[in-house]
Amino acid sequence: MDSFFDSAIRHWEDGRILLREERYDNAVCLFGLSVECALKNMLDLVYAGQIDLKQAYSHNIEQAFDDLYLLLANLLEMPLFDSAFGLKFSQYNFQGVLLQDHPERRYFETGTYGFRDAVDCEKTAASLVKELIMMHIDGYN
């Protein structure tokens with residue numbers, strides 16, 4: 001069985017190791033995968049296994065983000081998330097490197113991304129992973 005929760009955390013941790021080792025291209029790729037899995041985990045909470053998220057979204061982070069954002073905009077139908085999460089989620093920066101060329105970037109030449117790119121991606125991935133962990137502690141996962 002797929003565990004988007006475990007995958008999100010694992011990719012984030014691996015990305016942090018690669019960032020520390022100055023392997024920025026691989027770190028960016030793994031932070032993107034972490035965000036992808038985090039969003040799919042949150043969508044799975046909404047859809048409760050009724051759709052195949054891997055098939056529905058493939059690696060499309062932007063579509064997963066947009067769909068979750070629209071679902072959170074109508075919190076009356078979303079008892080799984082508290083209203084504070086909707087506000088926090090609207091603050092995430094899913095622009096730039098994080099969405100661009102995901103997942104094709106895993107085939108790019110070394111040196112495509114630098115330290116700043118990797119740090120920016122890590123910040124977004126870290127915030128989503130922390131939300132996942134809090135949701136898990138609250139019994140949602």
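1. Helix lengths are judged here against an expected span, which is 1.5 Å times one less than the number of residues in the helix. Helices (H or I, at least four residues) and strands (E, at least two) are DSSP runs, numbered from the N terminus.

2. Basis of the values. This is a predicted model, in which local features need pLDDT of at least 70 and side-chain atom pairs count only at pLDDT 80 or more, while totals for chains, interfaces and linings use all residues. Residues are numbered from 1 along each chain as its sequence is written, and side-chain values use heavy atoms, with hydrogens and water left out.

3. Overall organisation. The secondary structure consists of six helices and zero strands, in the order α-α-α-α-α-α from the N terminus. Of the 141 residues in the protein, 44% are buried, where buried means under 20% relative accessible area, exposed over 50%, and partly exposed in between (1.4 Å probe, protein chains only). The accessible surface comes to about 8000 Å², and 49% of that surface belongs to carbon and sulfur atoms; the areas come from the Shrake-Rupley method with a 1.4 Å probe, and for residues only the protein chains shown count as cover. Taking contact to mean heavy atoms within 4.5 Å, 69% of the contacts between residues at least 6 apart in sequence join residues at least 24 apart.

4. The nonpolar core. A nonpolar core is a set of buried Ala, Val, Leu, Ile, Met, Phe, Trp, Tyr and Cys residues joined through side-chain atoms within 4.5 Å. The largest one has 37 residues, and Leu19, Phe31, Val35 and Leu39 have the most contacts inside it. Two or more residues each come from α1 (4-20), α2 (24-47), α3 (53-57), α4 (61-73) and α6 (115-137). The greatest contribution is that of α2, with 11 residues. As general background, nonpolar side chains tend to be buried together in soluble globular proteins.

5. Helix α1. This helix has 17 residues and reaches 24 Å from its first C-alpha to its last, close to the 24 Å expected. Its buried residues are Phe4, Phe5, Ser7, Ala8, Ile9, His11, Trp12, Gly15 and Leu19, and they pack against α2, α3 and α6. Leu19, leaving aside neighbours within four places in sequence, is in contact with Tyr24, Ala27, Phe31, Phe115, Ala118, Val119 and Glu122. Glu22, which follows α1, has a positive phi near 65 degrees.

6. Helix α2. Here 24 residues reach 34 Å from first C-alpha to last, close to the 34 Å expected, and the helix is mostly covered, with 20 of its 24 residues buried. Gly32 has its place in α2 and counts as buried because its relative accessibility is 0%. Neighbours within four places in sequence aside, Gly32 is in contact with Ile61, Leu98, His102 and Arg105. Gly32 and Ala125 lie 7.4 Å apart, C-alpha to C-alpha, at a sequence separation of 93 residues. Just after α2, Ala48 takes a positive phi of about 50 degrees.

7. Aromatic pairing. Rings of Phe, Tyr and Trp (its six-membered ring) pair if their centres lie within 6.5 Å; planes under 30 degrees apart count as stacked, over 60 as edge-to-face and the rest as tilted. The structure holds one such pair. It is formed by Tyr24 and Phe115, edge-to-face, at 5.9 Å centre to centre with 75 degrees between the planes. The pair links distant parts of the chain, Tyr24 in helix α2 and Phe115 in helix α6, 91 residues apart. Tyr24 counts as buried at 18% relative accessibility, whereas Phe115 is partly exposed, with a relative accessible area of 45%.

8. Helix α6 and the cysteines. Among the buried residues of α6 are Ala118, Val119, Cys121, Glu122, Ala125 and Val129. Gly139, which follows α6, has a positive phi near 90 degrees. With a disulfide taken as a pair of cysteine sulfur atoms within 2.5 Å, the count comes to zero. Cys37 is buried, with a relative accessible area of 10%, and Cys121 is buried, with 2%.
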